[in-house]
Amino acid sequence: MENILFPQGFLWGAATAAFQVEGATAVDGRTDSIWDEFCRQPGRVVGGDCGEPAADHYRRFEQDVAMMADLGLQAYRFSIAWPRVRPDGGKVNPAGLDFYKRLIDSLLAHDIVPWPTLYHWDLPQTLEENGGWANRDTAYRFADYAAATVEALGDRVGTWTTLNEPWCSAFLGYAAGIHAPGRQEPKAAVAAVHHLLLGHGLAADTIRAAQPDAKVGITLNMYPIIPVDPDNPADLDVARRLDGLQQRIFLDPLLRGEYPADILEDLEPFGFGDHIKDGDLGVISGPMDMLGVNYYTEHYVSSTPNGDDGGRNPWVGVEHASFPVRNAPVTDMGWEVRPDGLTTVLMRVHQDYPRLPLYITENGAAFRDDFTGNGAIDDVDRTGFIASHLRAAHAAIEAGVDLRGYFCWSLLDNFEWAEGYAKRFGIVHVDYDTQIRTPKMSARWFSRVARDNALVATS
């Protein structure tokens, strides 16, 4: 294979999320998020795990930033914990903001670009008790939180992401109940979709008003939806519906200023249209400077039902859908390894929507990690996964996609939501008992890729 060179200035980074790595869940004024409460409910999280101590990043960030610098990472994508900045969704907490000031100052001192996300799923529990994202008022509270954060940190930050994967927040949290807050209420889920997008638009306006030169965007998780039988009308219809709920219900209002007509019709029985007020779509479709794409796998879908899902169905309005397993390698999450799907996703956004810079803001894989006799972790599978997806990303660049950066998921092993600590995505191993960090083979390999701005022939 030939060397693959990335464009000059391509940004190389790694990503984490506050609840997954910070720990210190009751320190310096932080109050409960929906995930703290969710973890307390028996059977919700594998092993009864919770966000304490996670990777103890709150106390060890200086060590982690130094490690990032040693690896040659150019950017760090992290999220800011709403319950630290405005505990219980209320007054601003200076101690919580001070942590992020110190983190960002450390990053800048090591020439690492801070790339904060305002919301990575840790809604203050008090706001959930008032209806959560199903309540329109939460969008305005999110804008208030954004305003306080940008006022405190805007002199240190040039790029802001409003939301991470609103699909997960809305459909896993409010329809399937797999994620916090654990509700199985389809009507609440579709309300949450609109209010999350409204919150994005309001927050983006707030950021630009306070920091006119800031770049603002959102991150969506996107996957090709492939019907098992493209000649079967039922399979085609399920694929259309799932594509609408996964992709178009977010992309269309953000980039076209309208919801897809077919999805509005599909969701009419759930009152989706009732939540859309005059002027909302204008707010949601305000100018964006970039779009973050999170990619992990493809969805291969059939209209044939596959047993009782126990009500844990995120696909609102889709009664019969299953996801047959194909003959492909899978990660420790059971997800098929499908790097070509990343090219497909990037090309789709490039071809179907107004052009704007794209960043891969998450891509990575969970695999079982074992120490060798010399104390190393030779995670060949993870290294191969990232390499194949970087080739797929480069193929999109060669086809004309304006892709400007790649953040691997994740910097550190961490709390993997409902999977607790059972799954490891990190390029750096974390011993949760001692908090010792050990860069894996994938970390050293990714370090070379970032420094070379290239995949060499042996990668």
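How far is the sulfur of Cys168 from the closest cysteine sulfur, and in which residue does that sulfur lie? In this predicted model, the closest cysteine sulfur to that of Cys168 belongs to Cys39, at 16 Å, which is too far for a bond. Cys168 itself is buried, with a relative accessible area of 7%.

The sulfur of Cys39 was examined in turn. Its closest cysteine sulfur is that of Cys50, and the separation of 5.9 Å is again too far for a bond, because a disulfide requires sulfur atoms within 2.5 Å. Cys39 is also buried, with a relative accessible area of 10%. By this criterion the structure contains zero disulfides.

A search of the whole structure returned 38 aromatic pairs. Phe142 and Tyr145 are both buried.

A single aromatic cluster is formed by Phe19, Trp35, Phe38, Trp121, Phe415, Trp417, Tyr421 and Tyr432.

Charged side chains were also found over aromatic rings. Arg256 is placed over the face of Tyr353, 4.3 Å from the ring centre. In the case of Arg326, the charged end sits over the ring of Tyr300, at 4.3 Å from the centre of that ring.

Methods. Residues numbered from 1 in each chain as written. Predicted model: local features only at pLDDT ≥ 70, side-chain atom pairs only at ≥ 80, totals over all residues. Heavy atoms only, no water. Buried < 20%, exposed > 50% of the residue type's maximum accessible area, 1.4 Å probe, protein only. Phe/Tyr/Trp six-rings, centres within 6.5 Å; stacked < 30°, edge-to-face > 60°. Lys NZ or Arg CZ within 6 Å of the ring centre and 35° of its normal.
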